[in-house]
Amino acid sequence: MQIVQQFFDRHNGVSETPFATSNVSFSVGDDAASVKANRRRIKEQLGADFLLSARQVHDDKIYSLKEPLSADVEVDGYDGLVTNCSGVALLIQQADCQGVLLYDRKNRVIGAVHCGWRGSVVGILEKAVQAMVDEFGADVREIQASISPSLGPCCAEFVNHKLELPAAFLDFRVRENHFDFWKISTAQLVECGLKVEHISQTEICTECDENYFSHRRAVKQGLKTTGRHCSVILQR
């Protein structure tokens, strides 16, 4: 079995400004034909038969795909995707939130999670790992995790953190009102039973690096919207 995973940036697509150029989201106002073309390029690059994605809502619901697909599917209201099907690429859309890619090669299970600060608060990573175990027989000691480019501790400012974040997150505060969500995700995965040596992260901040879409950067620039890049995992 081969695991293919990739963190895509915002380049090499066909979308026009402000979605230039590889926006993968149907929900931000981009031309649907452009989004389809961008997604088609991703499938071709990865050698995937179909894409499974979600209309993400910053909650903790996990979608388990147990039957092979016959077309691309976007499910509504989920932020985590897990499957044991081959040839189906799980796609997470993001513009500062983390795409966390998970796989258990031994038991042939993969997962992809959209994890923003709200997802961290409601424990979506734990729920995704548990779904891999309960639905498909994954072994947490075998699960590998990769954390995508996302909002870094340099830019993750939460001036209302006393209202938005649990007190436990204070252990990950790096300076006034700034938090390290890369370390929060790593800690949460370890709490699930993953080995720390099985967790990797790019440590690329999407607000700082203009190769990626960033909601926070767009807001600071006075833009009403921006595109979404993606994190994708596939087994074949």
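E2 (residues 50-55) and E6 (residues 88-94) pair in the parallel sense over 3 bridges. Two strands pair if DSSP finds at least two bridges between them. Helices (H or I, at least four residues) and strands (E, at least two) are DSSP runs, numbered from the N terminus.

This is a predicted model: local features need pLDDT of at least 70, side-chain atom pairs count only at pLDDT 80 or more, and totals for chains, interfaces and linings use all residues. Residues are numbered from 1 along each chain as its sequence is written, and side-chain values use heavy atoms, without hydrogens and water.

**Strands**

- E2 also pairs with strand E4 (residues 73-76) in the parallel sense, over 4 bridges.
- In that pairing, arginine 55 stands opposite aspartate 76.
- An open sheet is formed by 6 strands in the order E3-E5-E8-E7-E9-E12, with mixed pairing.
- Its edge strands are E3 (62-65) and E12 (199-201), and each pairs on one side only.
- E3 and E5 (residues 80-83) run parallel, joined by 4 bridges.
- Tyrosine 63 stands opposite leucine 81 in E5.

**Helices**

- Helix H3 (residues 124-136) lies across E3, E5, E7 (98-104) and E8 (109-115).
- H3 runs at about 160° to E8; axes are lines fitted to C-alpha atoms, for helices over the stretch in contact, and angles run from 0 to 180 degrees between N-to-C directions.
- H3 packs with helix H5 (residues 181-192) at an angle of about 35°, their axes 9 Å apart.
- Leu125, Glu126 and Val129 of H3 make the contact with Ser185, Gln188, Leu189 and Cys192 of H5; contact means heavy atoms within 4.5 Å.

**Salt bridges**

- The whole structure has 7 salt bridges (a side-chain nitrogen of Lys or Arg within 4 Å of a carboxyl oxygen of Asp or Glu).
- Arginine 55 and aspartate 76 form one of 2.3 Å, N to O.
- This pair links strands E2 and E4, with the two residues 21 apart in the chain.
- Arginine 55 counts as partly exposed, at 39% relative accessibility (buried means under 20% relative accessible area, exposed over 50%, partly exposed in between, with a 1.4 Å probe and protein chains only).
- Aspartate 60 and lysine 127 meet in another, at 3.5 Å, N to O.
- Aspartate 60 lies in the loop between E2 and E3 and lysine 127 in H3, so the pair ties together parts 67 residues apart in sequence.
- Aspartate 139 and arginine 141 also form a salt bridge, with their closest N and O atoms 3.0 Å apart.
- Aspartate 139 counts as buried, at 19%, whereas arginine 141 is exposed, at 53%.
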